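Please open the model in your viewer and keep the sequence panel beside it. The tour below moves from one selection to the next, and each stop says what is found there.

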Amino acid sequence: MVYINRFFFNIFDRIRELYLHSSLYDKKISKTYYQNLIYKPSPHLLSSLIKYQKKKFRIEDFALNEVWDNKEITKKNLRKLNNFYWLFSLDLKSSKKNTQSVIKNWMTLNHKYNSKSWNFDLTAKRIIAWLSSHNLTYEDGNGQYKIDFNTMIQKQTNHLINEINKSKFVEDKLIGCASIILVGLCYQDEKKYLLYGLNLLKKISKITLDDSGFPKSRSIKQLIFYLKYYILIREWFKESQINIPEHINETIYYLGQGYAFVWQNLKSDILYNGNNISDNNNFDNYLQRLGYKFKNDNQDYGGYIILRNKKMCLTMDAGPSPNSFFSKDYQSGALSFEIISNGKKLISNCGYHSETNIKLNHLSRSTAAQNTLVIDDNSSCKFTNSDKSFFVTRGLKITKRETIFEKNYWKINASHDGYQKKYNTIHERNIEFFPGEQTFVGSDKILKKINKNYKFDIRFHVEPEVKLMKTQDGKSILIELEDEGWKFTCDNYDINIDNGLYFGNKNSYIDNQNIFISGISNNQTEDIKWQIKKI
């Protein structure tokens, strides 16, 4: 049945692609009107999204009029050229005439839809880049050029409106939505573009954010992505002197609370559910410059628990797996935890590898790549590969969650049912921290409804720079964290050091190590106790 559905979907996609390339579709999206560019957005508002080159280039340094016909250009570089974000690396003294010549050349070659240069997210980014670089792309252009420029902006926007509901990824929808809203602001077309974009933005918020304004995907990376675009849209409204819709202010408030919780309170990236090392300090500077301040003193938010003082931080993923529709970047790490000591990661999850490498992507999603219990080499969730992305097809629920946070005593107790269907088992984890003794005491319970024996292991991953060494008696593992020393012990089970892969840096991997406890669960209630103590 799956193959039959895929067969018909492929036929439908081919027919649709033929339609998009047809003169009938071109006529549909060419219904534009001439109107001057009224609002001209400041390019600095995009600084949270674009990495500006320190070295500025002149347009004369590029032979861009010829590059569109270069058959040897890589797909990645072709995308970069077609989104036009390279405009922000140009020196403001670059020739407007030459820059506009490049755009005119692009419009001549791409005046009709084609799949390479009119890809949805490319088109949305290109519109934003052209309008935000108006000092080079629009100013001092002759009358006919401005007519062609305005027409092409609106034509591409019509294409976005036609395609946005068919776009597969929420991130692309949000970029497209921002682009449509910007066009409405720039051309003061409230009815056609602005209202459409705002209604769509409200719909995206309602569908993808939970009641507290945290993404239903539980993705920290997505939360920050959303916050950046909502603030960008708000600043466009503010700069164009048009009233800011209340739902934008409200959404920013809730997203900001999430951002304060997972980043600003910690100043460290926690590697759960698609997150990588990102260093959001530049974004913090951007927020400060624009006058945004967020605060969140909660200890439990978005399914994550974070307990911290000035020197120590304990975090845990104590949330359920998301609905399959929102699980594109989910990692099956329920009850996994991280420890940050004096700003350095003592215990760290392995991070996330993007879906460009299917094998590594799948590996980074596995429970074995997180700091939690694995039964019989199986992950706590089941994933299915669909169109080069993995989605959860058997999820889990959190069946218990309790937190205590006092000056001299911390505790997190939680359990999940991810192994219940296959093994009739609940995993319960209890972690206590005693600040005075600088000691973490952990207990992982395997609670069976039917007593069957099976293999288990619990992994404790560390960052690549952290060194592990097993003591001669085999009962302890020493952890060297720069100028700190810690000792890991587990009295009744085998402990060893294993090699693994660390995906914390985006789109790359490096060797790392992990401590692992292994054994056979013989009892109906198996209680595995361990300890991490500073020495």
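Start by selecting H6, which is mostly covered, since 13 of its 13 residues are buried; buried means under 20% relative accessible area, exposed over 50%, and partly exposed in between, with a 1.4 Å probe and protein chains only. Helix H6 spans residues 120-132 and reaches 19 Å from its first C-alpha to its last, close to the 18 Å expected at 1.5 Å a residue, where the expected span is 1.5 Å times one less than the number of residues. Helices (H or I, at least four residues) and strands (E, at least two) are DSSP runs, numbered from the N terminus.

Before going further, note that this is a predicted model, in which local features need pLDDT of at least 70 and side-chain atom pairs count only at pLDDT 80 or more, while totals for chains, interfaces and linings use all residues. Residues are numbered from 1 along each chain as its sequence is written, and side-chain values use heavy atoms, with hydrogens and water left out.

Next, select Phe84, Trp130, Leu131, Ile231 and Trp236, the residues with the most contacts inside the largest nonpolar core, which has 94 residues. Such a core is a set of buried Ala, Val, Leu, Ile, Met, Phe, Trp, Tyr and Cys residues joined through side-chain atoms within 4.5 Å. Helix H11 (residues 220-239) gives the largest share of this core, 12 residues. Now stay on Phe84, which, not counting residues up to four places away in sequence, touches several others, including Trp68, Arg126 and Trp130; contact means heavy atoms within 4.5 Å.

Move on to helix H13 (residues 281-290), where Phe283, Asp284, Tyr286, Leu287 and Leu290 are buried. These residues lie on the same side of H13 because they cover an arc of only 160° around the axis, the arc being that of the directions from the helix axis to the C-beta atoms. On the other side of H13, you will find Asn282, Gln288 and Arg289 exposed. Show H11 and helix H12 (246-264) as well, for both are among what covers the buried residues of H13.

Finally, colour the open sheet of eight strands, whose order is S9-S10-S11-S12-S19-S16-S15-S14 and whose pairing is antiparallel; two strands pair if DSSP finds at least two bridges between them. Its edge strands, S9 (398-406) and S14 (467-470), each pair on one side only. Which residue of S15 is the bridge partner of Lys467? Select Glu480, for that is the partner.
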